[in-house]
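Please look over the structure below before reading on.

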Amino acid sequence: MNNEDLFKNIIGHSKEYGFIFPSSEIYDGLSATYDYGQMGVEMKKNIRDFWWKAMVQLNENIVGLDAAIFMHPTTWKASGHVDAFNDPLIDNKDSKKRYRADVLIEDHMAKLDAKADKEVEKAAKRFENFDAAMYRATNERVKGYMDQKEAIRTRFVNALEANDLTEVRQIIIDLEIVCPLSGSKNWTEVRQFNLMFATEMGAMAEGASTIYLRPETAQGIFVNYLNVQKSGRMKIPFGIAQTGKAFRNEIVARQFIFRMREFEQMEMQFFVKPGTELDWFEKWKQKRLAWHHAIGLGEQNYRFHAHDKLAHYANAAFDIEFNFPFGFKELEGIHSRTDFDLTQHEKFSGKKLQYFDPEMNESYVPYVVETSIGLDRTFLAVLSSSYKEEKLEDGSERTVLALPPFLAPVKLAILPLVKKDGLPEKAMEIFNQLRFDHNIIYEEKDSIGKRYRRQDAIGTPFCITIDHDTLVDNAVTLRDRDTMKQERVPIEQLSGIVEEKVGVRKVLERLG
Ligand code: ATP
């Protein structure tokens, strides 16, 4: 199965089993907006909790915050979003489809990468009878693709830095990029498009003022920096963490929950002494990568990507990319934002946002290292790499979500073998003991095989079956989702065994 079909199956599966639904589906949905169903909401919460515990609970110098989505409109003037939170858009005149000009160019560069990879793959296949001439020719071709890519990159970065949209369009024309839909090269001018959603606060008449739905959670942290520092008596270096909704009127929203217009971020701003920010940047890069690795989706699925063009406020920026079904794409950004945001807020509010350093006996505006990750993108990473269609030894098939147990929406399913002979009552007794520790399910409908398949499909790590022997020996059969192996365990040990396997503690311990 190719990746496109696989991705379609994942989307279908997540709807069928209550993970993600298109928003307001009975009205044919709303583009790039999704709802999390009964399973999705649990898994999303588990991911959010894992992030919160790793950031706030494990770091004694990081505290949390929950700022409002609505903020004073001047916030967005100060942050630069009103003037510069733009994407360059371009329309194809034939298909009337709208694209991000930068994405068209980046996709073109990715194609050159793919061509170079193909050359290397071809060479590897002919390895046995490879001679010097063939080696040189392959080398030449690979170098050719890479040189082309570098030339495009340089031209593109220069155009962006000069804010030269005519040149951005010219690059698209020169590269003969076609609209994927119509195949035509009939492009409009490139225009800047602000991504913020605006609305009115108060009655529509007099006194109403335009406010924005926040496009990132970070600004709520910056404007509260002094409140937290003073009320929490925080000493630099310290961090403030926050999770919450953000809104962007994305030009091209696609790839399911990868790029939405309403999404959730998990951000942490770490305030440091000026001059130490690049050391902290390096530390946070490594700490964040370790967090991703601890989830257990395979270290080979992550890579760092240095930004081609630094934002005007940043002096270092890296993305952590994940190998999604549609290739490596940004999952988290780690940015060294200097003192830009706090200084801007000082300027626009007229309030001092400084820190008095008792060791140096002087005040300064702290520098900030930021880690910013998309909760929905992390959800997609977990979902897509856990989805498996398996052929079993007996010839049957099963679809299983091999989710990391600590993130699974349901930890344990309690299944009486039959609906009679006192088995449901015994099962409910166990259910009533264990529900205090974990999110568990009780199910008595359908054959036991069908019930196992259903639990596999939602990623439940363990099922227990209550049979006639249970009434005699007070033991149950515990079935493992991944190995499908079954073992007999005493009821009184169940809670401990399950906790050992599905608890988040072991995973957090790996982060130290
Ligand atoms: P991209 O280049 O993909 O548009 P970005 O660089 O604009 O992302 P940031 O502003 O750094 O993203 O936001 C931090 C994180 O928030 C991203 O790494 C991503 O995980 C998440 N994110 C940003 N935009 C969206 C979106 N439209 N839908 C879902 N998640 C998003």
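Leaving out neighbours within four places in sequence, Phe379 is in contact (heavy atoms within 4.5 Å) with Phe19, Ile20, Tyr36, Gly40, Met43, Lys44, Ile47 and Ile257. The model is a predicted one, in which local features need pLDDT of at least 70 and side-chain atom pairs count only at pLDDT 80 or more, while totals for chains, interfaces and linings use all residues. Residues are numbered from 1 along each chain as its sequence is written, and side-chain values use heavy atoms, with hydrogens and water left out.

Phe379 and Phe19 are the residues with the most contacts inside the largest nonpolar core, which has 65 residues. Such a core is a set of buried Ala, Val, Leu, Ile, Met, Phe, Trp, Tyr and Cys residues joined through side-chain atoms within 4.5 Å, where buried means under 20% relative accessible area, exposed over 50% and partly exposed in between, with a 1.4 Å probe and protein chains only. The element that gives the most to this core is helix α2 (residues 38-57), with eight residues; helices (H or I, at least four residues) and strands (E, at least two) are DSSP runs numbered from the N terminus. Domain 1 (1-72 + 215-389) and domain 2 (392-511) each supply at least three residues to this core. A second, separate core has 21 residues, among them Tyr99, Ile152, Ala159 and Ile172.

Which residues are closest to the ligand? Of the 16 residues that surround the ligand, the closest are Glu250, Arg259, Met260, Glu330 and Leu331, a residue being near when one of its heavy atoms lies within 4 Å. The table lists polar contacts, which are pairs of N or O atoms within 3.5 Å.

| Residue and atom | Ligand atom | Distance |
|---|---|---|
| Met260, polar backbone atom | nitrogen | 2.8 Å |
| Glu330, polar side-chain atom | oxygen | 2.7 Å |
| Leu331, polar backbone atom | oxygen | 2.9 Å |

Ile373 belongs to strand β16 (residues 367-374) and counts as buried because its relative accessible area is 0%. Between the C-alpha atoms of Ile373 and Glu119, which are 254 residues apart in sequence, the distance is 35 Å.

Ala116, in helix α5 (residues 101-125), is counted as buried because its relative accessibility is 4%. Not counting residues up to four places away in sequence, Ala116 touches Val142, Tyr145 and Met146, and although Ala116 and Tyr145 are 29 residues apart along the chain, their C-alpha atoms are separated by 6.1 Å.

In the loop between α13 (423-434) and β20 (440-442) lies His438, which counts as buried because its relative accessibility is 11%. The contacts of His438, with neighbours within four places in sequence left aside, are Lys411, Ser495, Val498, Glu499 and Val502.

How many disulfides does a search of the whole structure find? It finds zero disulfides, a disulfide being a pair of cysteine sulfur atoms within 2.5 Å. Cys179 is buried because its relative accessibility is 1%, and Cys463 is likewise buried because its relative accessibility is 1%.

Technical notes: Domain bounds come from an automatic or database domain assignment. A polar contact is a pair of N or O atoms within 3.5 Å; within protein, one must be able to donate a hydrogen and the other to accept it, and residues adjacent in sequence count only if both atoms are side-chain atoms.
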